[in-house]
Amino acid sequence: MTARFVTGSTGIVVTVPESEPAVRAVRVRHDPAAAYGVPPHVTVLYPWLLQDEITDQVLADLRTLAASMVAFEAVLTQVGRFPGVAWLAPEPAGRFLALTRAIWGTWPHRAPYEGRFAEPVPHLTVADGVADSILDQVGLELAPLLPLRFTVEALTVLGFDGTRWTQLQRLRLTPGG
């Protein structure tokens, strides 16, 4: 275990590579997860299962669930804040919450963020564990770059090996119409 992550942990995310040019410098400076290989993403369910709990059947169930969902267009619209955290808000937020609820419904013993929040807020973290003055700077730096459009076409399972987060699986959603 590192100070931040448990070895063997996994999470299900929507990666947002389209945001990389805009958020890379800020994340490198202010988001410790970036140093562990976490790509820019909107979390769907974290923590999920431990890696040794992910069987072929679990992956088949997740693949079926992903295929039952339709890909969609999304946009990062504004900079938001939690205490010590700056993030970008994805819209339509309801579509991201639907992804979370579907997966959580399949694995109800794995509440988002271990149940710490009554309702998860979809977001793409760009700074974490920093002072309000830095959050202010991050907001000023990123707000002019918004909106950022992207396509939600897959769920990605990330796993932590004790050193880095890597992609374990990428499960496609059904193409949108």
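In what order do the 4 strands of the open sheet lie? The order is 5-4-3-6, with antiparallel pairing. This is a predicted model, in which local features need pLDDT of at least 70 and side-chain atom pairs count only at pLDDT 80 or more, while totals for chains, interfaces and linings use all residues. Residues are numbered from 1 along each chain as its sequence is written, and side-chain values use heavy atoms, leaving out hydrogens and water.

Helices (H or I, at least four residues) and strands (E, at least two) are DSSP runs numbered from the N terminus, and two strands pair if DSSP finds at least two bridges between them. Strand 5 (124-128) and strand 6 (148-152) are the edge strands, each pairing on one side only. Between strand 3 (residues 72-82) and strand 4 (residues 85-91) there are 7 bridges; Q78 has A89 of strand 4 as its bridge partner.

Angles run from 0 to 180 degrees between N-to-C directions of lines fitted to C-alpha atoms, for helices over the stretch in contact.

| Helix | Strands | Angle |
|---|---|---|
| Helix 1 (residues 20-30) | strand 4, strand 5, strand 6 | about 40° with strand 5 |
| Helix 5 (residues 132-142) | strand 3, strand 4, strand 5 | about 145° to strand 3 |

Now for the space inside.

Key:
Contact means heavy atoms within 4.5 Å.
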